[in-house]
Amino acid sequence: MTTTIINALVVFLISAGVLFSVVAAIGLNRFPDVYSRLHAASKSSTLGVLSILLGIFLYFWLVEGHFNSSILLGIAFLFITAPISGHLIGRAAYMSGVNLWEKSVGDDLAEVSKKEKQQ
């Protein structure tokens, strides 16, 4: 009984991870500019890979009986580094002059950028 529940949880986590990864891939192909593509890459793919790794970790720990700390380290490393790297790549693209999409609603960094250039 409990093995069935654990297997269902593992299948759910891995399926959710695959769904998030597919959404990230579609977002990378469909979004119009660098900034929205970065959003799709950093948010959706991070959630996708984290869900898959968590499902794998739970399977090996609860079904096979092997506690694998390297998967936990991979989850922690990805959870910390992926959003930060997405932010820094977006900031570098903005500072190097990559234009926003022409239908973008606002540019929140325009005033900060002007102040930095004046100093």
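User: Where is S85 found?

Analyst: S85 is found in helix α3, and please keep in mind throughout that this is a predicted model.

User: What does the side chain of S85 reach?

Analyst: The S85 side chain reaches the backbone oxygen of A82, at 3.0 Å. A82 is itself one of the buried residues of α3.

User: And how far is S85 from L38?

Analyst: Between C-alpha atoms the distance is 9.7 Å, although S85 and L38 are 47 residues apart in sequence.

User: Let's take α3 as a whole. How many residues does α3 have, and how far does α3 reach?

Analyst: Helix α3 has 27 residues, and from its first C-alpha to its last it reaches 39 Å, close to the 39 Å expected at 1.5 Å a residue. The buried residues in α3 are I71, I75, A82, G86, G90, A93 and Y94, and the helix is followed by G97, whose phi is positive, near 95°.

User: How do the axes of α2 and α3 cross?

Analyst: The axes of α2 and α3 come within 10 Å and cross at roughly 180°. Angles over 145 degrees count as roughly antiparallel, and α2 and α3 are therefore roughly antiparallel to each other. Among the residues that make the contact are V34, L38, L50 and F57 of α2, together with I71, I75, A82 and Y94 of α3.

User: What about the span of α2?

Analyst: Helix α2 has 31 residues and reaches 42 Å from first to last C-alpha, which is close to the 45 Å expected at 1.5 Å a residue. Just after α2, G65 takes a positive phi of about 85°.

User: Which residues of α1 are buried?

Analyst: The buried residues of α1 are I6, V10, L13, A16, G17, A24 and G27, and what covers them includes α2. As for its span, α1 covers residues 2-30, and its 29 residues should span 42 Å at 1.5 Å a residue, which agrees with end C-alpha atoms that are 42 Å apart.

User: Which residues make up the largest nonpolar core?

Analyst: Eight residues make up the largest nonpolar core, namely I6, V10, L13, L50, F57, L58, I71 and I75. The elements giving two or more residues to this core are α1, α2 and α3. Leaving out its neighbours within four places in sequence, I71 is in contact with L53, I56 and F57.

User: One more. Where is L109, and which residues does L109 touch?

Analyst: L109 is in the loop between α3 and α4, and, not counting residues up to four places away in sequence, L109 touches R91 and Y94. With a relative accessible area of 26%, L109 is partly exposed. L109 and G27 are 82 residues apart in sequence, and their C-alpha atoms are 23 Å apart in space.

Terms used:
Residues numbered from 1 in each chain as written. Predicted model: local features only at pLDDT ≥ 70, side-chain atom pairs only at ≥ 80, totals over all residues. Heavy atoms only, no water. Helix = DSSP H or I, 4+ residues; strand = E, 2+ residues; numbered from the N terminus. Expected span 1.5 Å × (residues − 1). Buried < 20%, exposed > 50% of the residue type's maximum accessible area, 1.4 Å probe, protein only. Contact = heavy atoms within 4.5 Å. Core = buried A, V, L, I, M, F, W, Y, C linked by side-chain atoms within 4.5 Å. Axes fitted to C-alpha atoms, helices over the stretch in contact; angles between N-to-C directions. Parallel < 35°, antiparallel > 145°, perpendicular 65-115°, else oblique. Polar contact = N/O pair within 3.5 Å; in protein donor to acceptor, adjacent residues only side chain to side chain.
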